[in-house]
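Student: I would like to learn how to read the way parts of a protein chain pack together. Could we look at an example?

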Amino acid sequence: MDAKKNSIIGNSERRVDAWGKVTGSAKFAADYSLPHQLYGKVLRSGHPHARIVSIDVRQAANLDGVAAVLTANDIPGSRVFGIVVKNQEILAGEKVRYMGDGVALVAASSVEIAEAALGIIDVVYEPLPVVSDPEYAMKEEAPRVHPEGNVFVHHKVRKGNIEKGFASADFVIERTFRTQFVEHSAIEPEAVLAEPAEHGGVRITGSIQNLFSSRRSVAAALNLDLNRVQLVQATLGGSFGGKDEVMTSMCCRAALLVRATGRPVKMVNSREESMLESYKRHPYVMHYRWGARKNGAITAMEIRCIADGGAYASMSPFVTWRSVVQATGPYACENVKTDVYAVYTNNNYTGAMRGFGSPQVNFAIESMMDELGERVGMNPLEVRLRNCFHRGSVTATGQKLDHEVSLREVLQKAADGIGFPEKWKRFREADGGMHRKGVGLACSYRGVSLGAEGADAAEAVVSVQTDGSVIVSSGVTDMGQGAGTQMSQIVAGVFGIPVGKVLFLNTDTNRVADSGPTVASRGTIVGGAAAKNAAEIVRATLLDVAAEMAGTSPRELAMEGGFVVRSADGTRLASFGEVAAECFEKGRPMHGIGWHRSPKTTWDAATGQGDAYFTFVYGANAAEVVVDTETGKVDVVDFVSVHDVGRAINSDAVRGQMIGGVAMGLGYGLLEEFILEEGVPAQLNFDEYLIPTSMDVPPVTTIIVENEDPAGPFGAKSVGEPTNEIAAPAIVNAIFNATEKRITELPANLERVRLGHALRRPGPRGSALKDDGQSLPDLSCKIRPEKL
Amino acid sequence: MNPTITLSFTLNGRPQRVDVSPNRTLLDLLREEIGLTGTKRGCDVGECGACTVLLDGRAVNSCLVLAPQVAGREVVTVEGLAPLGTLAPLQEAFIHHGAVQCGFCTPGMLMSAKDLLDHSARPPEREIREAIAGNLCRCTGYQQIVEAIEDAARRTHEAR
């Protein structure tokens, strides 16, 4: 059908779930309760690395109100789970590998009793040497977190001849960049309500991002068939990649307690429990070495990145794979050698977080690009325009970009929006002063969806009711980003009916097919395409029926404004509801099952060559900052975000993704750091882990660029993650423009901007004191440089 | 178990009598005892603002208020904004401006905004940002929320 004529696609339609969310009637996981429910709590390790000598639960089990106390030995099926490497334990049996590991479970009639029971479980540990520095962890003599050794991923890209590339260079730029652990900070902490199912098995309602992978683990742990494990998604209070494995372990634990007690079990993490246990965004150490010529051309790139995977593999193999594919940025270079490693440590494990391996490398690449500009006397815009990909360019992995490569367009629009390069030149030449201004630029290309990570397909079911209202269910979940609204709009667009006539159901594993994970910004491009296919199947039937009613051919008919109309003159023949009723009377099928599989991708792991992703998106950010040179405080005063999204299905939602992505990127660049000291978290709540408030985020100018891509529904691509991956380098480049100081470690907080390094206070801090009132911090505040 | 006390207060315009343990917070009382789950728990230390309600017309973090403190006073939660199903201008504006994404911060955000608009007819942007500075949102970047509050203020002002 012709999307251009479609008034619903591209509209800023209201979110389909907004009414419930502004009235308080939307039900999030912790809002569900059942009569006679028990409350589940987890005893966590208390050691970053230790052997479990013994666990004595007898006293806890005898406490009044306690219904069950479980340890690893009580798991009937698989004790481990993991999407790539199955080595994460539901409950630690032999040893604990990070502070968040669980060792025992309690179900009790109240949270208070459950917590009291945790306090009297007697665990004897034998502490083991802790490995917390990923570079040290790579060494042979380092303590091993798992028996197979600490290096568990090594991805490579090899292109051209790196020696020749450096030999033909006029000069070499070499820098090391470091990034930090970042907490997802969804405002909703993890929660589930699990209950015994009518026909055996278990039913779990929860804040679960990827229901199908969590279900597989629950079934394996309880020795159940998949169909006896029903996972239903509650309205999800944000995820950003963070409600995957941590929810899998919570689902498994709650299901085990249901099995042991035969009663419903509710588990809700406090913020402290959430921050202690949950996985984070990977910290990277990135060694970048570029050879370049005086004319600004890059002749060689040698890149070595080490990702701290923490205690478990989680998504590290995939996260670091995206890094290896995108490590050169969108810049042409004939000779590339990239190595990306992921290593185990006794830190919190790291996994999926919005951006998925791109925010780290983009910080390095975009900083390097500004350095290159400095060396050859080009401004940041010129040097990018000189080197960036265009249609027909070949990437570092040998993929030819045969779609509209809009880097020049997005870069120019971002530059124009902020006043680049005029401001850049003026701020650069300004005379010192306490408050200095700067502008910075960054751009990126990003592979859409999963790429060569694995199968990339999704299902949607569209069911038309006899009154013409429509129900859509999908295996792709709405986490708050608005996938439900976009899919409703797509279906409404196919039927020519108002979005209000469409109801989107939260994902239920027992009612739709496994559609893979809702990750990699694939909600609209893959889930939306499945919904479109499903709706088109029903549309064809409905048009058939309408044609019989009107005594004409379906080819003469169209659907618009809630009616079936004659295409030639727009005459209304019957309302959508009347046709639906007739369809039912005639016994014709009123539902469609849509399936969409993304185009094939290829990958040769030995050389790192292949068509890694079926298409790419392009974006550019520009930031203006004011740096207080006395305190190191950086205020972002203006920001322009430009993204080519193919086609915006809902421009308000796209704008919301763009501004929210910048806010999170600003936190990454300036504020946020989940600090672990020898594996022990130094902050466990929002009083210590600071995310941007309304006072920190400047007004953001959003510019949506639309170059429709045949790969997506109605030409749409993706937007969720690209918006979050270049704000930090744009800000850091602006700090350089203001101060001539190159920040190579994130976040660019007061100390790093003012002093050039971070400060640390010895001893436990903040929440750590709650558990250990004895060890008050040394308030004389002796400071020592961060030992990085 | 602590002995309970009987608490009388006004909740969303209606008199309420409830037996509660005196060490429970107002947030516990609303969510666990009375079953009004619109008010959210995000941090329990008064940092995230998801539990914001109005106490005698002013925004408070209900996780930092002990239940007995509300005796004889008036509490309004998100459920009290549209008791008859007709949305208040603030709620309308939040939907209209795309100020809602995951929605977990929304109830608290609405209550902070209501406190502001009840006490300041046409607040400038700076004042709006200050009023919601205690409400964390991880999805939106705040801009559409600020726009929604500005718009609600304008509509309310024009209606007067």
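Student: How are H15(A) and H16(A) oriented to each other, roughly parallel or roughly perpendicular?

Tutor: First, this is a predicted model, where local features need pLDDT of at least 70, side-chain atom pairs count only at pLDDT 80 or more, and totals for chains, interfaces and linings use all residues. Residues are numbered from 1 along each chain as its sequence is written, chains are lettered from A and ligands numbered from 1 in the order in which they are written.

Tutor: Helices are DSSP runs of H or I with at least four residues, numbered from the N terminus. Axes are lines fitted to C-alpha atoms over the stretch in contact, and angles run from 0 to 180 degrees between N-to-C directions. Angles of 65 to 115 degrees count as roughly perpendicular. Here, H15 (residues 523-550) and H16 (residues 576-585) of chain A pack at about 90 degrees, with axes 9 Å apart, so H15(A) and H16(A) are roughly perpendicular.

Student: Which residues of H15(A) meet H16(A)?

Tutor: Contact means C-beta atoms, placed from the backbone, within 7 Å. Thr541(A), Leu542(A), Val545(A), Ala546(A) and Met549(A) meet residues of H16(A), including Val579(A) and Cys583(A).

Student: Where does chain A divide into domains?

Tutor: Domain bounds come from an automatic or database domain assignment. Chain A has domain 1 (3-26 + 457-597), domain 2 (32-128 + 190-268), domain 3 (284-451 + 604-756) and domain 4 (757-788). The C-alpha centres of domain 1 and domain 3 of chain A are 36 Å apart. Their contact takes 22 residues from domain 1 and 23 residues from domain 3. On the domain 1 side, H15(A) gives the most, with six residues.

Note on methods. Helices (H or I, at least four residues) and strands (E, at least two) are DSSP runs, numbered from the N terminus. Angles under 35 degrees count as roughly parallel, over 145 as roughly antiparallel, 65 to 115 as roughly perpendicular and the rest as oblique. Two residues are in contact if their C-beta atoms, placed from the backbone, lie within 7 Å.
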